[in-house]
Amino acid sequence: MTPQEETVILEARDILGRYLSQNPVIGSWQALMDYCAFSVRGPIERFHVLYLDRKNRIIGDELLSTGTVDHVPVYPREVIKRALMLNASALILIHNHPSGDPTPSEADLSMTKEIQKGCRYLGLTLHDHIIVGAGTELSLRALGRL
């Protein structure tokens, strides 16, 4: 990626962030997938969480961790702590696989289960975990893994 392309992507993310703050409901599955793909795709792993209120309006899209080309550290405690601080009712986990293959790893599945347990215990809803690959996104809920 050229420095100019990187600048364009950063500017587009900023525009999208402003749009979402004015229109905080993601109205369709395709809009969610488009948003996920755009917000996290890149050469290093990034882990975002969309925090939602009771009406599934976005309270925050937070980049909780940045990793390497094939790993991003995720701490379930921090994910849930932030949800409580924001008074969120639900969340959607999003991360990318720079390799382009969105197939979940065992670590992805294990981490998701840990966050799901914590959410259930505290009355939060984990709607999904979306993994973004090259030109395709994968939903753990759609796979029956959530």
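This is a predicted model: local features need pLDDT of at least 70, side-chain atom pairs count only at pLDDT 80 or more; totals for chains, interfaces and linings use all residues.
1. **Helix H4, length and end.** H4 covers residues 106-122, which is 17 residues. At 1.5 Å a residue that should give a span of 24 Å, and the end C-alpha atoms sit 25 Å apart, so the two agree.

2. **What H4 hides.** The buried residues of H4 are Asp-108, Leu-109, Met-111, Thr-112, Ile-115, Gln-116, Gly-118 and Cys-119. If you're looking for what covers them, the list includes strands S1 (46-52), S3 (90-96) and S4 (125-132), along with helix H3 (76-85). When you read the spacing of those positions, keep in mind that an α-helix has 3.6 residues a turn, so residues three or four places apart point the same way.

3. **H3 against H4.** Two packed helices are described by the angle between their axes and the distance between the axes. For H3 and H4, the axes come within 9 Å and cross at roughly 35°, and the crossing is right-handed. H3 brings Pro-76, Val-79, Ile-80 and Leu-84 to the contact, while H4 brings Met-111, Glu-114, Ile-115, Gly-118, Cys-119 and Leu-122. By type, that contact of H3 with H4 splits into eight nonpolar residues, one polar and one charged.

4. **Helix H2.** The same length check works for H2 (residues 29-40): its 12 residues should span 16 Å, and the end C-alpha atoms are 17 Å apart, which agrees. Buried here are Leu-32, Met-33, Tyr-35, Cys-36, Ala-37, Ser-39 and Val-40.

5. **His-97.** You'll find His-97 in the loop between S3 and H4. Its relative accessible area is 12%, so His-97 counts as buried, the cut-off being under 20%. Its side chain makes a polar contact of 3.0 Å with the side chain of Asp-108, one of the buried residues of H4. Leaving out residues up to four places away in sequence, His-97 touches Glu-45, Pro-102, Thr-103, Pro-104, Ser-105, Asp-108, Ile-131, Val-132 and Gly-133.

6. Most residues other than glycine have a negative phi. Asn-56 has a positive phi of about 60°, and so does Asn-87. Asn-56 is in the loop between S1 and strand S2 (58-66), and Asn-87 is in the loop between H3 and S3. Asn-56 is partly exposed, at 34% relative accessible area, whereas Asn-87 is exposed, at 64%.

Methods. Residues are numbered from 1 along each chain as its sequence is written. Side-chain values use heavy atoms; hydrogens and water are left out. Helices (H or I, at least four residues) and strands (E, at least two) are DSSP runs, numbered from the N terminus. The expected span of a helix is 1.5 Å times one less than its number of residues. Buried means under 20% relative accessible area, exposed over 50%, partly exposed in between (1.4 Å probe, protein chains only). Contact means heavy atoms within 4.5 Å. Axes are lines fitted to C-alpha atoms, for helices over the stretch in contact, and angles run from 0 to 180 degrees between N-to-C directions. A crossing is left-handed if the near helix is turned anticlockwise from the far one by less than a right angle, and right-handed if clockwise. Ala, Val, Leu, Ile, Met, Phe, Trp, Tyr, Cys and Pro count as nonpolar, Asp, Glu, Lys and Arg as charged, and the others, Gly among them, as polar. A polar contact is a pair of N or O atoms within 3.5 Å; within protein, one must be able to donate a hydrogen and the other to accept it, and residues adjacent in sequence count only if both atoms are side-chain atoms.
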